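Reader: Walk me through this model. I want each term set against its definition.

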Amino acid sequence: MKLDRKRNFSQITPLQIAVLYALISWMWILFSDRFLALITKDQQTLLRYSMVKGGFFVLMTSLLLYYLIQSGYQSLQKTQRRLRKDREILERYRLLADEVLDIIIFIRPDGQIIDVNEAAVRRYGYTREELTNMPIRKLRLTEERTPSPDCSENTPPGTQFELQHVCKDGSVFPIDISSKGAIYNGEPIIVNLIRDVSKRKEAEAQVWLAKERAQVTLKSIGDGVITTDVRARVDYVNPVAEDLTGWSNTEALGFPLEQIFNIVDEETGRAVENPITRCLRDGRVVNIANHTALISKNGGTISIEDSAAPIRDRDNTII
């Protein structure tokens, strides 16, 4: 292991300077006086040498003092420039943050809020002064027992997660948080970008409810229903279709429809064009011809009526 022997004198404390000065002075006085006593016994010569020695000591200590003061001054200037740069960066963050509709909160690593944007003031109902005098954990539900990931004590910057925050009036709303590290006043801070996802959660709930209703409907109706993807591979078989085809929903998933829904002409026994193929090709509802029979998995034959209809997404693309 290599040790760096260089010493940054700008980092020396006043106490260290005083101790160093006292040590050097004591050693100078002790050894220089003894040295002069060895080289001469003449009092006049000894006096002149003492004056030269004193002047040399003052010169050397003055140079050392100048170097220490200059190093400290340069370090102070460097720190001031860094602080000005940090303030400029934070001010730019603030100007940009106030134009953003999402909530932005600046916090210290210990979770104390430093600053917020206008969106935070509007959404939480607190004033900017109130928000900047509280820890971020105060915005969380007290019922939640999990450790707070809102600050760097618990979660490293650059992560994203979901939480619930509470407003001043007690109302609660779901949020997504994305955290990013930054520097302010030479110290690390965390910038939290918070998005209110109430509308998204409501939409997800509506989609889930619609899906549940569709599942219940498909399971309750008396007709067999099979759905496929655009490659005519099965992705759902309702209970009635399971009874008719002899294939369970789990068994049929991913298989070509022709293998699950094997239909023939009832009179000739010849294979009949699958209506799904024509439905996907023409993009319209297709009915099969009369006298069509379904051959189940166990080989049984059942006379059926059938129609195939395309399902489209919001861009009118068949899915």
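Author: An open sheet of three strands runs in the order E8-E10-E11, with antiparallel pairing. The model is predicted: local features need pLDDT of at least 70, side-chain atom pairs count only at pLDDT 80 or more, and totals for chains, interfaces and linings use all residues. Residues are numbered from 1 along each chain as its sequence is written, and side-chain values use heavy atoms, without hydrogens and water.

Reader: What makes E8 and E11 edge strands?

Author: Strand E8 (262–265) and strand E11 (301–304) each pair on one side only. Strands are DSSP runs (E, at least two residues), numbered from the N terminus, as are helices (H or I, at least four). The twist averages 40° from one strand to the next. Its axes are lines fitted to C-alpha atoms, and angles run from 0 to 180 degrees between N-to-C directions.

Reader: Why do E10 and E11 count as paired?

Author: Pairing takes at least two DSSP bridges between two strands. Four bridges join strand E10 (residues 292–295) to E11, so the pair qualifies. Ala293 has Ser303 in E11 as its bridge partner.

Reader: What volume does the largest pocket have?

Author: About 830 Å³. That is the space filled by probe spheres set on the grid points, which are joined across faces, edges and corners. A pocket is an open set of points on a 1 Å grid over the protein atoms alone, where a 1.4 Å probe fits, with protein on both sides within 12 Å along at least five of seven lines; lining residues have an atom within 4 Å of a point.

Reader: Which element gives the most to that lining?

Author: H9, with four residues.
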